[in-house]
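Subject: Handing over a structure

Hi,

Here is the structure I promised to pass on to you. Please open it first, and then read my notes alongside it.

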Amino acid sequence: MKWIAPSLLAASLVLLPAFAGDFYINLASQILIAAIFALSLNLLVGFGGMTSLGHASYLGVGAYISALLTSRYGLGHGPAAIVSITGTIAMAAFFGVIALRATGLGFLMITLALSQVLWGLAYRMSNVTNGDNGIAGLTRPMPFGISLESAASFYWFALIVTSVGFLMMAIFVTSAFGSSLKGVRDQPRRMAALGFNPWIIRWITFIYAGFWGGVSGLLYVYYNKYIHPTSLSTTSSAEALLGVIAGGSGTLGGPAVGAALVLLLKNYASAYIERWNMLLGLVFLFIVLVMPAGIVPGLGKLLRRGPR
């Protein structure tokens, strides 16, 4: 029974371009980008016990580096992507050294502060980032000579990258290192007494989460062909965090479901309701009250009760 829902979801994702119009295909591409971003944050929040409000830093910086290298310096998309990811990893390693000096609320506030610094720089350094106007006129890559300009072709590209990302993150959290990460999350003193180094385990996870955040940034800038300082804002980080919590932190599929819910509410509710943020809050309040562990764990619990 537990394989039915994933199998139906996989079949729907594969068959979507065959029966959906461009609007829904583009919406699905946005959901895939949001899903990989939420999954990368879940490595910190769900499996590492490190709640971050600055994860948008990696999406924004990865997108900005790629946009600047391709539009201003004429670098190809391949080399630009490598430099972008390398820069994002380096930034995550540096930020990790700073943020992991604290835990709990202190960690959250440090990540928020670092993110706000980058957001302010993106606005103020207008000679580099073009300030509030953003960087427009960007292009999409052509992997193996295949154009990604159509909605369907970009959807397939995003689906492949997201699938690889999901698989790699699943391997990461189910490995021996993932077990040690969960041990550090639950009992850091006991893990230290057993000879593990909790700080190093958290730092490696922080870098790995930053890496996939940078990958989501590349997909983001490829899809929109535009980048703006709002990609670095606290709102972007908060929406991803809401998706992780609503879908089910510490699960493999929960953050993707939560990210899809947030994006669908933004796209549909905002078209009909002026104060759609209030509706978003009510929906999440309902989820917290009815399914405290999140949508995916809650539905799993209901399905297990069904046959009984």
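Below are my notes, from the whole chain down to single residues.

Before you start, please keep in mind that this is a predicted model, in which local features need pLDDT of at least 70 and side-chain atom pairs count only at pLDDT 80 or more, while totals for chains, interfaces and linings use all residues. Residues are numbered from 1 along each chain as its sequence is written, and side-chain values use heavy atoms, with hydrogens and water left out.

**The whole chain**

The protein chain has 14 helices and 0 strands. Both kinds of element are DSSP runs numbered from the N terminus, with helices being H or I of at least four residues and strands being E of at least two. Reading from the N terminus, the order is α-α-α-α-α-α-α-α-α-α-α-α-α-α.

How does the radius of gyration compare with that of a compact globule? For 308 residues, such a globule would come out near 19 Å, and the protein chain has 19 Å, so the two agree. That radius is taken over C-alpha atoms, and the globule rule is 2.2 Å times the number of residues to the power 0.38. Along the principal axes, the C-alpha atoms fill a box of roughly 55 × 45 × 40 Å.

Buried residues account for 47% of the 308 residues. Here, buried means under 20% relative accessible area, exposed means over 50%, and partly exposed is in between (1.4 Å probe, protein chains only). The chain exposes about 15400 Å², of which carbon and sulfur atoms supply 69%. These areas come from the Shrake-Rupley method with a 1.4 Å probe, and for residues only the protein chains shown count as cover.

Contacts (heavy atoms within 4.5 Å) also reach across the sequence. Among those between residues at least 6 apart, 75% join residues at least 24 apart.

**Helix α12 and a nonpolar patch**

I would look at α12 (254-272) next. Its 19 residues should span 27 Å at 1.5 Å a residue, and its end C-alpha atoms are 27 Å apart, so the helix agrees with expectation. The expected span is 1.5 Å times one less than the number of residues. Among the buried residues of α12 are Gly254, Pro255, Val262, Leu263 and Leu265.

Which residues form the nonpolar patch on the surface? They are Phe23, Tyr24, Leu264, Tyr268, Tyr272 and Ile273, with about 660 Å² of accessible area together. The elements giving two or more residues to this patch are α2 (22-45) and α12, and α12 gives the most, with 3 residues. Leu264, found in helix α12, counts as partly exposed because its relative accessibility is 33%. Patches are made of residues with over 30% relative accessible area and no salt bridge, joining like charges within 9 Å and nonpolar side chains (Val, Leu, Ile, Met, Phe, Trp, Tyr) within 5 Å.

**Salt bridges**

The structure holds 3 salt bridges, each being a side-chain nitrogen of Lys or Arg within 4 Å of a carboxyl oxygen of Asp or Glu.

- Glu149 pairs with Lys225, the closest N and O atoms being 2.5 Å apart. This pair links distant parts of the chain, 76 residues apart: Glu149 is in the loop between α6 (126-129) and α7 (151-174), and Lys225 is in the loop between α10 and α11 (234-247). Glu149 is partly exposed, with a relative accessible area of 42%.
- Lys266 meets Glu239 at 3.1 Å, N to O. Here too distant parts of the chain are linked, with Lys266 in helix α12 and Glu239 in helix α11, 27 residues apart. Lys266 is partly exposed, at 26% relative accessibility.
- Arg185 meets Asp186 at 2.9 Å, N to O. Arg185 is partly exposed, at 30% relative accessibility.

**Single residues worth a look**

Lys225 has a positive phi of about 55° although it is not a glycine, and at 27% relative accessibility it counts as partly exposed. Asn130 also has a positive phi, near 65°, in a residue other than glycine. Asn130 is found in the loop between α6 and α7 and is partly exposed, at 35% relative accessibility.

Is Ser216 buried or exposed? Ser216 is buried, with a relative accessible area of 0%. Ser216 sits in helix α10 (residues 198-224) and touches Ile33, Ile36, Phe37 and Leu59, leaving aside residues up to four places away in sequence.

Best wishes
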